[in-house]
Amino acid sequence: KRPFDIVFGGAQDDLVLGANQSIELRYTLQADFIATEIMISATVGSASSPGCRIGIKDMSTMPNRGKKFSNTLVNNVNAGGSGQRPKFLRKPYRFHAGRTIVVKVTNLQSSTNRIQVVIAGVTDD
């Protein structure tokens, strides 16, 4: 297994979302991926005023798959950690090759926000 990061928010730069805007980002897996941690950054926001809300979903149609990571969108300060302090999943989650991961991001700020969501783990290729 080799370390692998799935980045939502742009390969070259962070996702730029205008005030109170939302976007849904998709990534289709080329190989099985085992997620172990989540990291989120937002340039505008703090613990008392979160920068964004996110929702992560496995779009698999296989039995016992196709799960949401939460029942609703979650503030970035609760949903994931940072590069310095990532949020480790209690139990690693396997996304299967050919399946799609969907991340919905909503900017909670009244100004433009630069956001990036990273799901880190290992791949089976």
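Biologist: What is the order of the strands in the open sheet of 4 strands?

Modeller: In this predicted model, the order is β3-β8-β5-β6, and the pairing is antiparallel.

Biologist: Why are β3 and β6 said to stand at the edges?

Modeller: Each of them has a single partner strand, so one side of β3 and one side of β6 (74–75) are left without a neighbour in the sheet.

Biologist: How do you know that β5 and β6 pair?

Modeller: Two strands pair if there are at least two bridges between them. β5 and β6 are joined by 2 bridges in the antiparallel sense, so they meet that cut-off and count as a pair. In one of these strands, β6, Val-74 is the bridge partner of Ile-54.

Biologist: And what makes β3 and β8 a pair?

Modeller: The cut-off is at least two bridges, and 7 bridges join β3 to β8, which run antiparallel. Glu-24, for example, has Lys-104 in β8 as its bridge partner. β5 and β8 also run antiparallel, with 7 bridges joining them.

Biologist: Why is strand β8 called largely enclosed by the rest of the structure?

Modeller: A residue is buried when its relative accessible area is under 20%. In β8 (residues 100–107), 7 of the 8 residues are buried, so the strand is largely enclosed.

Biologist: Let's turn to single residues. Why is Arg-53 called partly exposed?

Modeller: Buried means under 20% and exposed means over 50%, with partly exposed in between. Arg-53, which lies in strand β5, has a relative accessibility of 35%, so it counts as partly exposed.

Biologist: What does Arg-53 touch, apart from residues up to four places away in sequence?

Modeller: Its contacts include Leu-73, Val-74, Asn-75 and Thr-106. Thr-106 is also the bridge partner of Arg-53 in β8.

Biologist: Is Arg-85 buried or exposed, and how do you know?

Modeller: Exposed means over 50% relative accessible area. Arg-85 has 69%, so it is exposed. You will find Arg-85 in the loop between α1 (76–79) and β7.

Biologist: Where is Asp-32, and which side chain does it join by a polar contact of 3.0 Å?

Modeller: Asp-32 sits in the loop between β3 (22–28) and β4 (33–42). Its side chain makes that polar contact with the side chain of Arg-94. A polar atom of the Asp-32 side chain also lies 2.8 Å from the backbone nitrogen of Ala-97. Leaving aside neighbours within four places in sequence, Asp-32 is in contact with residues including Phe-95, His-96 and Val-122.

Biologist: Which residues lie nearest the centre of the largest pocket?

Modeller: They are Ile-38, Phe-69, Ser-70, Lys-87 and Leu-89, from a lining of 15 residues. The elements that give two or more residues to this lining are β5 (52–58) and β7 (87–95). The largest share, 5 residues, comes from β7. The volume of the largest pocket is about 250 Å³.

Biologist: How do the lining residues divide into nonpolar, polar and charged?

Modeller: The lining of the largest pocket has 9 nonpolar, 2 polar and 4 charged residues. Lys counts as charged, and Lys-87 is one of the residues nearest the centre.

Terms used
Residues numbered from 1 in each chain as written. Predicted model: local features only at pLDDT ≥ 70, side-chain atom pairs only at ≥ 80, totals over all residues. Heavy atoms only, no water. Polar contact = N/O pair within 3.5 Å; in protein donor to acceptor, adjacent residues only side chain to side chain. Contact = heavy atoms within 4.5 Å. 1 Å grid on protein atoms, 1.4 Å probe; cavity = no way out; pocket = protein on both sides within 12 Å on 5 of 7 lines; lining within 4 Å. Points joined across faces, edges and corners; volume = space filled by probe spheres on them. Buried < 20%, exposed > 50% of the residue type's maximum accessible area, 1.4 Å probe, protein only.
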